[in-house]
Amino acid sequence: MKLYIKKYSPIIILTGSVLIFLLMIKLKPEAKFQKPKIIPQLVETIVAYPSEVRAKISSQGTIKPEHEISVTSEVSGKVVWVSENFHTGSGFQKGDTLLIIEKRDYELALITTESSLFQARLALQREEAEAKLATLEWKRVGKGDASSLTLREPQLAQARATLAAAEAAYEQSKRNLERTIIIAPFKGRVRKKTVSLGTNLIPGSILAKIYNTASFEVRLPIADKDIPFLGIPLDGTTIKINERPPVRLFSNYGGNNFQTDGFIIRSESEIDPKTRMISVVASIPINEKNIGIKIGMFVNAEIEGLTYSDIIIVPRNTVKDDMIWVVQNLKLRKKSVEVIRFEKDYAFIAAGLEKDDKVLTTRLSSYIDGMSLRIE
């Protein structure tokens with residue numbers, strides 16, 4: 001018996017293993033197919049809302065005087081007095097005496113012309129009396145028409161001409177005497193002084209360069225793409241006061257921030273050959289609030305341009321090739337839009353979007369028209 005089991009044990013083991021394997025296959029649980037669950041991506045959107053917007057044009061420039069003149073001498077002479085406010089960088093008030101030229105020669109000339117004026121007046125009075133007497137004498141003894149020489153008309157005309165010349169010479173001497181005192185024509189500052197005490201001057205000598213501190217100006221170059229949004233004439237004419245676009249200026253100097261407002265008053269009506277840009281000029285009234293603005297200061301400018309209605313503003317990165325993605329009924333959709341302007345980080349949409357459209361702002365790895373999304 002033992003011999004029999006030992007002989008057939010491999011067959012018994014193999015047969016049992018096959019039976020167990022077949023039984024396990026028959027009794028195994030049947031697998032159920034489950035469709036994978038796809039969760040739509042969560043995204044952020046902004047709601048499109050038409051509104052009225054005003055274009056803002058960026059530029060930059062350097063502050064310079066709006067009114068600057070060269071002070072010159074109209075008479076010759078030696079500088080005998082200089083004001084303490086008449087130095088490079090010094091400020092002065094309107095009507096201040098800046099400089100005095102030696103005036104003794106002009107005082108003497110005024111005395112001489114005044115004497116000639118009195119003599120000419122006396123001569124005219126004498127001629128008028130003699131002409132009146134000649135007329136009476138002719139009426140008493142004369143017959144017919146008297147000649148002009150008899151009535152002393154040429155002598156009277158000459159006396160009047162001599163008086164006119166004497167008055168002109170006196171006026172000229174008086175003006176020359178007044179010109180020995182240099183008076184400030186406005187409130188301003190000395191940019192550069194070119195004379196000192198004791199300097200001998202001739203007519204036309206430049207004494208200094210001064211500028212008015214009541215208002216400054218800044219030249220602002222405008223890019224070609226921004227010109228249509230300015231809405232001002234480019235022929236160099238001065239813009240009417242009530243039509244001047246506002247401009248806001250920003251600067252930082254010495255650790256301090258400066259901000260002031262001004263107005264565009266004209267364009268320069270020519271294109272810079274180097275930059276190929278046209279420039280506009282802004283006027284900056286100076287008051288107590290912006291007294292810190294200095295000549296030569298570099299400023300950034302923001303000009304208010306034309307106003308547009310029914311414009312939808314969206315982030316600039318949401319627009320590509322005049323196309324924009326929106327979410328409609330939790331589905332991604334593509335729309336063609338009309339972009340009239342890019343300004344900093346935003347785009348102005350004039351057409352293509354409807355009110356309350358949900359503009360996609362989340363950056364996706366892929367964009368498929370019709371794909372499902374979730375909105376946060």
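**Close-up 1. Strands β14 and β15 pair up in this predicted model.** The two strands run antiparallel, and five bridges join β14 to β15 (residues 278-285). One spot to look for is Ser267, which stands opposite Val280 in β15. The two strands form a hairpin with six residues between them. In that turn, Arg276 has a positive phi of about 60°.

**Close-up 2. On to the hairpin of β13 and β14.** Here β13 (residues 246-253) and β14 (residues 256-271) pair in the antiparallel sense, with eight bridges between them. Ser251 has Phe258 in β14 as its bridge partner. Two residues sit between the strands of this hairpin, and Gly254 takes a positive phi near 65°.

**Close-up 3. Strand β12 pairs with both β3 and β15.** With β15, the pairing is antiparallel and covers eight bridges; Leu220 stands opposite Val280 in β15. With β3 (residues 51-65), β12 also runs antiparallel, joined by three bridges. Lys64 has Glu217 in β12 as its bridge partner. Strand β12 (residues 215-222) is mostly covered, with seven of its eight residues buried.

**Close-up 4. Lys64 and Glu217 also form a salt bridge.** Their closest N and O atoms are 3.8 Å apart. Lys64 lies in β3 and Glu217 in β12, so this pair ties together parts that are 153 residues apart in sequence.

**Close-up 5. The largest nonpolar core has 24 residues.** Ile63, Leu220, Ile264 and Ile303 touch the most other members. Strands β3, β12, β13, β14, β15 and β16 (298-315) each supply at least two residues of this core, and the largest share, four residues, comes from β12. Zoom in on Ile63 and, leaving aside its neighbours within four places in sequence, its contacts include Phe216, Val218, Leu249, Ile284, Ile295, Met297 and Val299. Glu217, the salt-bridge partner of Lys64, is in contact with Ile63 too. There is also a second, separate core of 21 residues, which includes Leu177, Phe186, Val195 and Leu207.

**Close-up 6. Four strands make an open sheet in the order β4-β11-β9-β6.** The pairing is antiparallel. At the edges stand β4 (68-72) and β6 (91-92), each with a single partner strand, so one side of each is left without a neighbour in the sheet. Elsewhere in the sheet, five bridges join β9 (residues 188-193) to β11 (residues 206-212), which run antiparallel. Arg189 stands opposite Tyr211 in β11.

**Close-up 7. Arg54 and Glu304 make one of the 16 salt bridges in the structure.** The closest N and O atoms of this pair are 3.1 Å apart. Arg54 lies in strand β3 and Glu304 in strand β16, so the pair ties together parts that are 250 residues apart in sequence. Both ends count as partly exposed: Arg54 is at 35% relative accessibility and Glu304 at 25%.

Close-up 8. Lys344 counts as exposed at 57% relative accessibility, while Glu302 is partly exposed, with a relative accessible area of 21%.

**Close-up 9. Salt bridges that share partners join Lys225, Asp226, Arg341 and Glu343 into one network.** Let's zoom in on Arg341, which is found in strand β20 (residues 338-343). With a relative accessible area of 6%, Arg341 is buried. The side chain of Arg341 makes a polar contact with the side chain of Asp226 at 2.7 Å. A polar atom of the Arg341 side chain also lies 2.9 Å from the backbone oxygen of Lys56. Leaving aside neighbours within four places in sequence, Arg341 is in contact with Ala55, Lys56, Ile57, Asp226, Phe229, Tyr346, Ala347 and Phe348.

Note on methods:
Residues numbered from 1 in each chain as written. Predicted model: local features only at pLDDT ≥ 70, side-chain atom pairs only at ≥ 80, totals over all residues. Heavy atoms only, no water. Pairing = 2+ DSSP bridges. Buried < 20%, exposed > 50% of the residue type's maximum accessible area, 1.4 Å probe, protein only. Polar contact = N/O pair within 3.5 Å; in protein donor to acceptor, adjacent residues only side chain to side chain. Contact = heavy atoms within 4.5 Å. Core = buried A, V, L, I, M, F, W, Y, C linked by side-chain atoms within 4.5 Å. Salt bridge = Lys/Arg side-chain N within 4 Å of Asp/Glu carboxyl O.
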